[in-house]
Amino acid sequence: MKKLWIFVSLLSIWALSGCQQGADTLKIGVNFYPMPQIVELIEADLLADGIKVEMVNMDYNLLNTPLNNKEIDGNLIQHQYFMQFFNNANNANLVVAQPVYHSIFSLYSAVYEVDSENNINVEDGETVYLPEDVVNLPRALLLLQSAGLITLKEGKTVTATLDDIESNPKNLKFELKSLLLTAHAYNDAGRRLAVMYPSYAKTAIDLGDDSEFLFKEPLNELTATYAISFVTREDNRQDPRIVKFIEHLTSPKVKQWILDNYGWAAIPAFE
């Protein structure tokens with residue numbers, strides 16, 4: 001009887017091992033919350049479909065290069081404007097395979113408030129910390145315009161720069177930092193005024209709720225184009241493993257997880 005039990009156990013181990021080795025591995029690049037957690041959420045579902053996921057976690061600024069070099073199969077770290085900037089600079093053909101969520105890009109402050117008439121009465125000459133890169137700075141300027149703090153030149157949207165500010169009635173001073181350093185600078189300056197992604201506020205200064213949202217970016221036809229997305233190469237977009245990954249990535253299970261765990265900072269970008 002003992003020999004039979006050992007035989008059955010060995011057979012089970014062999015079968016499990018064989019299943020795992022036979023599973024087709026999909027390498028997915030991740031960096032900031034909540035993408036690693038979302039991939040973990042669907043890992044078992046994919047394995048049941050014969051696909052083993054291997055997460056590659058590194059700085060988001062670096063993750064398009066291994067994707068373009070076919071070292072990984074996709075990544076979950078960007079919106080389309082960041083991707084297109086990489087494509088233009090590297091003659092690459094990365095594509096948005098699936099929008100995942102709309103990040104609630106916000107003007108933060110622990111000092112200022114919105115008055116009863118929805119005005120933000122910041123002090124004259126106040127410093128506001130903004131992302132410095134060429135794809136997120138325009139978004140931050142559009143947000144400040146929506147908040148009524150500046151006006152951009154007519155027609156300036158996703159390519160706006162500081163030179164495109166037409167009106168700045170509060171004489172705001174603009175300090176440009178990387179996404180992560182924007183959050184640190186905001187914290188070091190007494191949390192007065194900054195435009196940030198919630199994921200970086202959470203990562204950099206452990207601000208994991210909307211308690212310091214002063215003004216939230218409205219979700220509209222323009223801002224919806226900034227959805228944080230699953231990106232692949234053009235040549236593997238129709239790979240059956242990618243198609244299956246997207247099927248699980250856009251499942252009701254993932255949608256509900258986003259709403260339950262990150263609903264204060266993100267809106268699912270799929271039905």
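In strand β12 (residues 228-233), Ser-229 is the bridge partner of Pro-99, a pairing that belongs to the 6 bridges joining β12 to strand β4 (residues 94-103). The two strands run antiparallel; strands are taken to pair if DSSP finds at least two bridges between them. Strand β4 also runs antiparallel to strand β13 (residues 266-268), to which 3 bridges join it. There, His-102 stands opposite Ile-267. Of the 10 residues of β4, 7 are buried, so that the strand is mostly covered, where buried means under 20% relative accessible area, exposed over 50% and partly exposed in between (1.4 Å probe, protein chains only). In a regular strand the side chains alternate between the two faces of the sheet.

The model is predicted: local features need pLDDT of at least 70, side-chain atom pairs count only at pLDDT 80 or more, and totals for chains, interfaces and linings use all residues. Residues are numbered from 1 along each chain as its sequence is written, and side-chain values use heavy atoms, with hydrogens and water left out.

The protein as a whole has 9 helices and 13 strands; these are DSSP runs numbered from the N terminus, helices being H or I with at least four residues and strands E with at least two. Its C-alpha atoms fill a box of roughly 85 × 40 × 30 Å along the principal axes. Buried residues account for 45% of the 271 residues. Among contacts between residues at least 6 apart in sequence, 71% join residues at least 24 apart, a contact being heavy atoms within 4.5 Å.

Arg-192 takes part in a salt bridge with Glu-123, in which the closest N and O atoms are 3.5 Å apart. This pair links distant parts of the chain, with Glu-123 in the loop between β5 (106-108) and β6 (127-131) and Arg-192 in the loop between α6 (179-188) and β10 (194-196), 69 residues apart. Arg-192 also meets Glu-126 in a salt bridge, at 2.8 Å from N to O. Here too distant parts of the chain are linked, since Glu-126 lies in the loop between β5 and β6, 66 residues from Arg-192. Glu-126 counts as buried at 9% relative accessibility. Glu-123 is partly exposed at 48%, and Arg-192 is partly exposed at 26%.

A further salt bridge, with an N to O distance of 3.0 Å, is formed by the side chains of Asp-235 and Arg-233. Asp-235 is exposed, with a relative accessibility of 52%, whereas Arg-233 is buried at 9%. Elsewhere, salt bridges that share partners join Asp-24, Asp-73, Asp-239 and Arg-241 into one network. Asp-73 is also touched by Asn-236, as is Ile-242, not counting residues up to four places away in sequence. Asn-236 is found in the loop between β12 and α8 (240-249) and is buried, with a relative accessible area of 5%.

The empty spaces complete the picture. Rolling a probe the size of a water molecule over the atoms shows where empty space is left. On a 1 Å grid over the protein atoms alone, a cavity is a set of points where a 1.4 Å probe fits but cannot get out, and a pocket is an open set with protein on both sides within 12 Å along at least five of seven lines; lining residues have an atom within 4 Å of a point. Grid points are joined across faces, edges and corners, and a volume is the space filled by probe spheres set on the points.

The structure holds 1 cavity of 30 Å³ or more, and the largest cavity has a volume of about 120 Å³. Its lining comprises 14 residues, of which Phe-32, Ile-77, Leu-179, Tyr-197 and Ile-228 lie nearest the centre. The elements giving two or more residues to this lining are β3 (74-78), β4 and α7 (198-205). By class, the cavity lining has 9 nonpolar, 5 polar and no charged residues; Ala, Val, Leu, Ile, Met, Phe, Trp, Tyr, Cys and Pro count as nonpolar, Asp, Glu, Lys and Arg as charged, and the others, Gly among them, as polar.

The largest pocket has a volume of about 160 Å³. Helix α4 (residues 80-90) gives the largest share of its lining, 5 residues. The lining residues include Phe-82, Phe-85 and Phe-86, together with Asn-61, Asp-133 and Val-134. They divide into 6 nonpolar, 3 polar and 1 charged.

Notes
A salt bridge is a side-chain nitrogen of Lys or Arg within 4 Å of a carboxyl oxygen of Asp or Glu.
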